[in-house]
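Good morning, colleagues. Please look at the model on the screen while I take you through its helix packing, its ligand shell and a few individual residues.

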Amino acid sequence: MLQATRRDGTSGHQQSLGDHRHKDGALVETATVFSRSGTRTGWPEPLRLLRPDGTIDPGSPVRLEVTGELCRQLYRDMLLARRLDQEAYNLQRQGELGLWLSCQGQEAAQVGSIRATRETDWVFPSYREHAVGLVRGLSPGELLSQWRGCSHSGWDPTKYNLHMYSLVLGTQALHATGYAMGVRAERADEVVLAYLGDGATSQGDVSEALNWAVIANVPIIFFCQNNQWAISTPVSAQTGTPLHQRAAGFGLDATYVDGNDVLAVYAVTRDQADRVRSGGVPGFVEALTYRMAGHSTSDDPRRYRDAAEVEAWQLRDPLTRLLAYMEAQDWADPRWGDQLRDEADQLAADTRAACFALPPPLLEDTFRNTLVTETGPLRAERERFTAYRESFL
Ligand SMILES: Cc1ncc(C[n+]2csc(CCOP(=O)(O)OP(=O)(O)O)c2C)c(N)n1
Ligand SMILES: [Mg+2]
């Protein structure tokens with residue numbers, strides 16, 4: 001069940017976003033007001049189970065058996081991700097990484113969605129999915145290697161069923177769709193999860209991928225983290241229609257969820273995965289969240305967004321929200337909290353140590369990595385380069 005807002009401002013439930021034009025009339029679109037961040041007033045409200053104040057919404061249509069064990073696992077994943085992210089940010093500021101793209105604020109969207117998959121499911125990330133990588137088992141060194149300029153990707157995708165980061169916006173959506181076509185052809189029991197940002201939806205590749213996925217009916221879920229900014233471009237400048245509705249227009253089963261509510265994200269992604277695994281049409285999840293830091297460490301977001309907006313989103317922090325709920329349930333034992341803090345401290349120390357221990361790249365690998373099999377001319381170029389380099393020794 002999804003909440004939609006009609007042109008007259010009233011709200012109504014609808015079973016599917018795909019048919020809203022026939023049942024409910026046009027949604028508020030062109031005549032809406034833009035907030036500075038780009039969220040338009042009058043657009044639908046996302047599904048939510050855990051409210052920003054840490055209480056459960058009793059009227060929520062999200063169905064999930066919430067246990068202490070589940071909450072502790074999700075909270076631990078989010079806290080470790082935040083700690084690694086902060087340490088990597090510090091390392092960049094100290095000149096140890098070339099660049100870092102922070103996932104702060106987006107931990108619930110990432111942890112909730114990846115925890116809803118099976119380890120055998122294949123994941124195609126964008127470039128900010130560090131929490132996803134941690135949950136899939138990447139070591140800090142593997143996560144940092146690319147950003148220290150030591151490799152094109154720090155991990156073997158086949159070891160974690162996690163593709164390498166894609167920095168060219170939207171390309172991973174097509175890679176994921178192509179991979180999912182293979183899954184379908186081989187009748188493998190796998191679901192593909194492709195992450196993308198709000199800005200990436202403006203790439204033609206993403207529209208092609210959504211369309212292909214539906215036409216070929218492949219087992220894929222596109223997970224869009226709408227963090228409301230694409231560098232300095234607000235989402236209001238990207239689209240005239242809520243992103244999940246655009247996906248529904250392609251024929252996907254689209255869900256809109258509060259991306260800072262880890263429980264709701266987990267529940268809706270798990271439902272999508274179950275549906276897709278049993279042959280349903282491809283899924284699309286739009287998770288409304290917020291990029292708390294700059295786009296990257298090369299960006300100064302104070303140039304284009306208000307401090308008040310950032311402060312408003314701080315109040316919707318995904319970790320604070322879950323912890324408040326757990327404490328009210330007596331599910332956050334102080335000993336558990338102490339252990340977790342120790343674990344996070346250890347992860348921070350490991351992250352620093354792993355960064356310093358990363359081997360410098362071999363310049364010759366630039367030639368070796370150009371093609372799968374090195375050709376004669378490339379080998380000759382590599383050997384000429386080696387001779388040149390060695391002439392300085
Ligand atoms: C094809 C392409 N065009 C432009 C860029 C430059 N670029 C890098 S990130 C970015 C913004 C992406 O925003 P979004 O998809 O919302 O993801 P977010 O960074 O917010 O996670 C842009 C324009 C790029 N990497 N690739
Ligand atoms: Mg974005």
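In which handedness of crossing does H7 pass H8? The crossing is left-handed. Please bear in mind throughout that this is a predicted model.

Let me stay with this pair. Two packed helices are described by the angle between their axes and by the distance between those axes. For helix H7, residues 171-186, and helix H8, residues 204-215, the angle is about 20° and the axes are 7 Å apart. Angles under 35 degrees count as roughly parallel, and H7 and H8 are therefore roughly parallel to each other. On the H7 side, the residues that meet H8 are Thr-171, Ala-173, Leu-174, Thr-177 and Ala-180. Their partners in H8 are Asp-205, Val-206, Glu-208, Ala-209, Trp-212 and Ala-213. Sorted by class, this contact of H7 with H8 comprises 7 nonpolar, 2 polar and 2 charged residues.

I turn now to a second pair. Helix H2 packs with helix H12, residues 318-329, at an angle of about 150°, and their axes are 10 Å apart. Since angles over 145 degrees count as roughly antiparallel, H2 and H12 are roughly antiparallel to each other. H2, too, passes H12 in a left-handed crossing. From H2, the contact draws on Gly-68, Cys-71, Leu-74, Tyr-75, Met-78, Leu-79 and Arg-82. These meet Pro-318, Leu-319, Leu-322, Leu-323, Met-326 and Gln-329 in H12. By class, the contact of H2 with H12 holds 10 nonpolar, 2 polar and 1 charged residues.

Next, the ligand. Which residues come nearest to ligand 1? Of the 15 residues around ligand 1, they are Leu-169, Gly-197, Gly-199, Ala-200 and Ala-230. The shell as a whole has 7 nonpolar, 5 polar and 3 charged residues.

Trp-43 lies in the loop between helix H1 (20-23) and helix H2 (68-93). Is Trp-43 partly exposed or buried? A residue needs 20 or more other C-beta atoms within 10 Å to count as buried; Trp-43 has 18, and is therefore partly exposed. Although Trp-43 and Pro-242 are 199 residues apart along the chain, their C-alpha atoms are separated by 7.3 Å.

Asn-161 sits in the loop between helix H6 (157-160) and H7. The phi angle of Asn-161 is near 50°, a positive value in a residue other than glycine. With 18 C-beta neighbours inside 10 Å, Asn-161 also counts as partly exposed.

Ile-231 is found in the loop between strand E6 (229-230) and strand E7 (233-234). Its phi is likewise near 50°, again positive in a residue other than glycine. Ile-231 has 13 other C-beta atoms within 10 Å. A residue with 12 or fewer would count as exposed, so Ile-231 is partly exposed.

Let me close with the chain as a whole. How many helices and strands does the chain have? There are 15 helices and 9 strands. Of the 393 residues in the chain, 42% are buried. Among contacts with a separation of 6 or more, 72% are between residues 24 or more positions apart. Thank you for your attention.

Definitions and conventions. Residues are numbered from 1 along each chain as its sequence is written. Chains are lettered from A and ligands numbered from 1 in the order in which they are written. This is a predicted model: local features need pLDDT of at least 70, side-chain atom pairs count only at pLDDT 80 or more; totals for chains, interfaces and linings use all residues. A residue is near a molecule or strand if its C-beta atom, placed from the backbone, lies within 6 Å of it. Ala, Val, Leu, Ile, Met, Phe, Trp, Tyr, Cys and Pro count as nonpolar, Asp, Glu, Lys and Arg as charged, and the others, Gly among them, as polar. Helices (H or I, at least four residues) and strands (E, at least two) are DSSP runs, numbered from the N terminus. Axes are lines fitted to C-alpha atoms, for helices over the stretch in contact, and angles run from 0 to 180 degrees between N-to-C directions. Angles under 35 degrees count as roughly parallel, over 145 as roughly antiparallel, 65 to 115 as roughly perpendicular and the rest as oblique. A crossing is left-handed if the near helix is turned anticlockwise from the far one by less than a right angle, and right-handed if clockwise. Two residues are in contact if their C-beta atoms, placed from the backbone, lie within 7 Å.
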